[in-house]
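Visitor: I would like a close look at a single part of this model, with the criteria spelled out as we go.

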Amino acid sequence: MINQMRADFYRQAHTIGCYVLLAATIGFSVLLTLTKQVGGMMVSEGNTSQLMEQMAHSPWSVLTGVKALTMSTSVLLYFDIALFVIVIGYEFSQKTYKNTLISGISRLQFIGAKYAVMLIDLLGLTLVYYLTCLATSLATGRGLGESAGKLAGDIAIMTIAVAFFISVTFSLGIILLVATGSTIIPAVFVVVWPLAVAMLTVFAHWSWLKYVDFINVAMNVALSLIKVGDLWPYIGVSVGVLAVTIVGSALIIRRKEL
Amino acid sequence: MIGTALDIRGVGKRFGRFTALDNVSLAVRKGDIYGLIGENGAGKTTLMRLICGLSPMQTGSIDLLGQRIGRSQRALSRIGAVIESPAAFGSLSVTQNLKLAAIQHGLSDSRDIDEAIEFVGLAEKRRTKARHLSLGQRQRLGLAMAILHHPDFLILDEPINGLDPSGIMEFRQLLKRLNEERQTTILISSHILSELYQVSTRFGIIHQGHMVKELTRPELDAANQAGLLVSVDQAPLAARILDRAGIGPFEVNDDHHLLIRSDGADPGHINLMLVQGGVLVEGFSRQEGSLEKYYLNLLAEQRQMDRQRADGRPDELRVDQQPNQQGTSGEDENR
């Protein structure tokens with residue numbers, strides 16, 4: 001599994017698309033920070049709307065910037081679809097998984113390695129996203145907004161929360177990819193899922209949907225809109241989804257004609 | 001199972017109502033180059049995919065290098081395979097694709113990559129992206145990736161497809177070198193018998209999901225010899241008569257058949273001589289030495305047996321299996 005992860009990182013290091021994605025992430029972060037844009041592709045309601053309103057009409061510090069960037073993670077999710085295609089989609093479209101699976105790796109290790117690589121990539125990209133905001137804000141002479149130590153802690157929590165919950169959304173994409181063999185279907189799914197869940201929440205008022213509204217959960221965690229004590233059900237559902245998608249994908253691939 | 005690299009027993013595979021493999025058994029010994037021959041759709045690729053674990057097992061068992069496929073993936077780390085078309089990352093160069101495969105196999109020595117590139121003759125293309133390689137060069141890259149980690153067992157599915165004549169010759173030499181220099185056991189499939197004949201030491205002929213025949217190269221050579229096939233009631237007596245008359249060279253195939261490997265043998269003269277010596281001559285037929293004809297005859301007999309089975313007349317009409325016999329009514333010269 002470790003060898004497979006190393007191989008994936010080697011391939012990414014030699015894939016232009018990864019550098020384009022990195023540049024796009026940096027560019028998006030710079031753009032948001034400089035233009036003080038708040039918001040993304042989401043259905044705004046409640047606390048989130050209030051926070052967006054406050055940010056739009058208050059002077060920006062570095063902290064304001066990273067919070068605003070967090071509100072835009074739904075757009076970052078769309079950027080990260082490219083990562084999903086590079087890490088795992090390409091293996092299925094080019095059928096290079098044959099080489100990988102013949103190398104002696106188990107199906108579970110294969111899927112586990114792919115998810116782990118995606119998570120590490122997402123952590124890296126999200127950190128770059130926030131650090132770019134930090135650098136841009138400092139370059140434009142904005143204050144930190146809080147102590148340096150607390151800001152570092154906030155950025156770390158935001159990075160982990162955003163990357164983790166985006167990865168949960170992509171884990172649903174992985175099982176769709178394995179089941180259908182199509183990269184289009186999971187890509188469309190990843191785009192539609194947050195919007196569909198948010199809209200259903202607004203119109204159908206099914207409160208349990210909040211546990212699978214992963215992008216919104218990421219934002220709420222990052223912006224401290226969910227108390228630590230209330231976080232466990234969200235984490236539990238996400239870990240459960242991860243377990244089902246990773247083990248499920250391994251089982252599907254074991255029964256599939258490759 | 002000492003000496004056996006691959007042991008396939010009673011393997012069956014169905015896709016819906018279509019039976020791709022039906023109770024197929026075969027054994028590949030260590031050091032063999034086993035040629036799996038069959039028409040397109042005969043079940044060769046399905047069998048190879050089962051061996052590699054790319055297709056789930058339904059019935060039967062496959063033991064590869066002492067490990068049961070489906071229970072353990074360990075044996076797969078000791079094999080190399082090119083199934084269907086070689087799969088490489090088009091945006092990576094030859095060297096980068098091999099580096100990737102090396103990392104997957106836990107190899108850190110770059111000499112393994114250089115050696116594999118040299119071995120398959122891609123040294124001049126080492127910096128070329130895989131998507132810019134010709135079909136033959138991609139086949140070579142596939143082979144390089146398959147042999148990079150010095151596998152004990154190599155599985156090649158139709159590797160000569162798309163190769164030009166010189167490419168086929170070079171590929172043949174590569175396989176022989178792998179087998180002789182690295183002692184790699186090879187399972188190779190093709191629908192072209194004459195190509196497999198050049199490299200293989202054992203053959204398995206598969207037809208519509210059934211293993212029709214397994215034979216060694218000497219057995220194939222014997223079955224494939226050209227000459228005049230004489231059917232008699234007492235082959236040993238006939239052999240003594242021919243020997244005394246200085247006719248030959250000839251071989252006694254069994255108690256009732258002799259093969260005279262002389263182009264100038266006169267059937268009329270031989271018939272008279274044998275009859276006078278007390279041998280009942282049942283017939284003469286001209287046996288050709290074409291591997292393709294041998295293969296086609298074998299398939300024709302298999303189809304006839306299939307028809308008989310379908311008609312509910314199992315074996316009563318089954319012909320004596322002399323697959324290399326090319327006799328026709330026009331060529332027979334009965335006594």
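Is Trp60(A) buried, partly exposed or exposed, and why?

Guide: This is a predicted model, in which local features need pLDDT of at least 70 and side-chain atom pairs count only at pLDDT 80 or more, while totals for chains, interfaces and linings use all residues. Residues are numbered from 1 along each chain as its sequence is written, and chains are lettered from A and ligands numbered from 1 in the order in which they are written.

Trp60(A) counts as partly exposed because it has 19 C-beta neighbours inside 10 Å; a residue is buried if 20 or more other C-beta atoms, placed from the backbone, lie within 10 Å of its own, exposed if 12 or fewer, and partly exposed in between. Trp60(A) sits in the loop that joins helix H3 (46-56) to helix H4 (62-71) of chain A, helices being DSSP runs of H or I with at least four residues, numbered from the N terminus. Once its neighbours within four places in sequence are left aside, Trp60(A) is in contact with Lys36(A), Gly65(A) and Arg142(A), where contact requires C-beta atoms, placed from the backbone, within 7 Å. Gly145(A), which is 85 residues from Trp60(A) in sequence, lies 8.3 Å from Trp60(A) in space, C-alpha to C-alpha.

Turning to another residue of chain A, Phe165(A) is in contact with Phe214(A), Ile215(A), Val217(A), Ala218(A) and Ser238(A), again leaving aside neighbours within four places in sequence. As for the two chains, their contact takes 24 residues from chain A and 26 residues from chain B, and H1(A) gives the most to the side of chain A that touches chain B, with six residues.

How values were computed. Helices (H or I, at least four residues) and strands (E, at least two) are DSSP runs, numbered from the N terminus.
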